[in-house]
Amino acid sequence: MGNFKHRIVYQIWPRSFKDSNGDGIGDLQGIIGKLDYIKSLGVDTIWLSPIYATGNKDYGYDIDDYYKINPEFGSMEDFDELLHKSKNMGIDIVMDLVANHTSDQHSWFQEALKSKDSPYRNYYIFKQGKRNKKRELLPPNNWLSAFGGSAWQKDPNSDEFYLTLFTPNQCDLNWKNEKVREGIYEIMRFWLDKGILGFRMDVINTIAKKDGLPPAGKGKKLDFPFEHIVSLPKSHEYVKEMHEKVLSQYEDVFTVGEGMVTSLEDLNAYTRPEEKKLQMMFQFDVHLIGCGPLGKFDFRKGYRWTPKELKDLIIHWQTGVEKGGGWLGNFLSNHDQPRQVSRFGHDGAFRRKSAKSLALLNFTLRGTPFLYQGEEIGMTNCHLKEEDWRDFEAINDYRVLQEMMHLPKPLARKVIQKMTRDHARTPMQWSEEKNAGFTTGTPWMKVNPNCSYINVEKEMKRENSILSFYKKLIEIRKSSEALSTGSFVPVDTENKKVLSYLRQKGEDTYLIVINLSGSLAEANLMDVSAYNFKPVLCTYDALPFMPSMKLQPYEGRLYKV
C-alpha cells in the first residue's frame, strides 16, 4: 500500500455505522456488509473507534479488557472476518489505542482497589488526600477533569484519591511504572500480530504527568493542569520507547497520535521521521476556533470567528509543520467534533456547495487526509433535546456550566447543543427508509430527521452529488505526488475570505482556491498568473483560470498546470 503519506483514512464510529441484527446498535457485521461501499469511495484504510469490552461510560474509550471485543459489536470471529475481508479488498484496519487510562472495571484497577499494598496500586496514580481546617478530606490538588469537576476520585477503602483526567470511570495509568508500559506494548503486539496496520493513539501526549503533581494555574479554584500533563519531555521519551520496543519490530506500521492542545513544536518533535516516534499527529486549533481557552464548551468568545482567522490557522500549521519536518493527520470532522458542514460551512442553502469545498480543502492540504462516516454525503448537526443526549461529556458539562459558570439553563443548553459530540454520533444515513436504513430495531440514539433527503442512496443517484465529488477528489489525490507529498505554498495571503495555495512537487503543480465565506469574494492570483492552469475539479462551473477571480459563496476550484 506504500507510504503512510499516500493513505486515505475513513473513520468509523461502529456504534452508529450500520446495525446488522436489529438491536439498534451498529456492529462489526454491519461494517462487513458495507465494505463494498467503503471501497467504492477509493479509501484504503479504515480507522475503527474502540471496539473493545467496555462499560460504555465514554462509549468505548473506557476499556475493561483490551483483548476482548465489546459483545454489542460482535465477537473476535467477526473481527477476524472483517480484517480478512477488508485486506482482500486492499483496505487496512487501524485500531484505536487508549493508553492514557483504563476503565475502573479493568482487572488491573480492580486489583489496585483491594489494598494499599497491592502491586497494582502503582499501575495507577493514587495520592493521599488533604484535610482542611474542618478536618474534611479533600482531593490532593485542584486539577480539573477534561469533562468538568475534580479530576480525583476518592478510593472507598482509604484516605487516598486516584486520578481520572477524563470521565470519573477512566483511571489514569502510571506510565512511570515499567510494568504498565510493558502491559500496553503487549496489547499492541497482540493486535499487530493479528494483522492490523497500526493505531490511532488516544490523547497520547498526556501519558506523562509532572512529578509531585503540583497544583494547576494559580492553585486556588479548579483548573485544568495543561502545564503539568501536556507533551512533557517524559511523554516524548515514552513514545520513543514504544517505537523502539514495538513499532519498529513490524513492517510498515501506521501511527497517528491525538495531540491534545499540542503546539506546533511538539507536533513536529513527535512526528519528524528521525525522532522515531509517530508518523503523524492531529492538531485541534482549527476545531477550537471561536472557543475560549478552556476548550469547546468555553463559550466566552460566543463561538464567533472569521474566514480570515480560519485561513491563518490553516496556513500557520501547514507551513510550520512542513518547515519543522513533521507530518499532520488532516481532518475536519470526527467522533468528537460537530459535523464539519455545520461547523465550518453552511448546513442550509449552501450545504452541498460548502460540503464540497471543505472536502476540497481537507484532501489538498499537506498531510494524510481522514474522513469521518457521513461527511461524504454532507451529514449535518442534529437538533437534539436534552433527553436525546447520550454523551457523558455533554451531560456533565451541562451541569458544570450551570454550577461553575452560573449559566442559566437555556443558555447552558444552547452551548451544549452547539458543540456536543453527539452531533457526530447520530446514526449513519443510508437511505430514506425508517431509521435511515441504519437499523430495523430502535436506534440507540436519535436519527437526524433530514435523512429523508440526506442519505447514501439518494446521493448515489444524484448528478454532481457530494458523494461523487468525494470519489473524484480521492482519485485525484491518489494519482498526484504533488497533492500527497508536495510542498504547500500560500498565495494571496492577505485576502480576508479566500484561501489559495499551490501544492508542488517537481513539475507537478496544483492551485487550490476556496472561498471560506458565505458571500461573494474575489481572489487576487497575479503572483501565480505565469502558470498555465487548467480547471480539474470545481464546486460550481469549471471556469478558466483568471489572475483576478470572482468566487461564489463557498466556491472551491482546483487547477492543474
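**View 1. Helix α9 gives the most to the lining of the largest cavity, with three residues.** In this predicted model, the largest cavity has a volume of about 160 Å³, and of the 14 residues that line the largest cavity, Q283, V286, N330, F331 and L365 are the closest to its centre. Two or more lining residues come from each of the elements α9 (307–324), β16 (329–330) and α11 (351–364). When the lining of the largest cavity is sorted by class, eight residues are nonpolar and six are polar, while no charged residues occur there.

**View 2. The second largest cavity has a volume of about 70 Å³.** The structure holds four cavities of 30 Å³ or more, and the residues that line the second largest cavity include W13, P14, R15, Y59 and F73. The lining of the second largest cavity divides into five nonpolar residues, five polar residues and one charged residue.

**View 3. The largest pocket has a volume of about 1200 Å³.** This pocket is lined by 46 residues, and those that lie nearest its centre are A146, F224, L294, G295 and K296. Helix α12, which spans residues 392–403, gives the most to the lining of the largest pocket, with four residues. By class, the lining of the largest pocket is made up of 21 nonpolar, ten polar and 15 charged residues.

**View 4. The second largest pocket holds about 270 Å³ of space.** Among the 16 residues that line the second largest pocket, K176, A208, K209, K210 and D211 lie nearest its centre, and the lining of this pocket divides into nine nonpolar, two polar and five charged residues.

Conventions. Residues numbered from 1 in each chain as written. Predicted model: local features only at pLDDT ≥ 70, side-chain atom pairs only at ≥ 80, totals over all residues. Heavy atoms only, no water. 1 Å grid on protein atoms, 1.4 Å probe; cavity = no way out; pocket = protein on both sides within 12 Å on 5 of 7 lines; lining within 4 Å. Points joined across faces, edges and corners; volume = space filled by probe spheres on them. Nonpolar A, V, L, I, M, F, W, Y, C, P; charged D, E, K, R; others polar.
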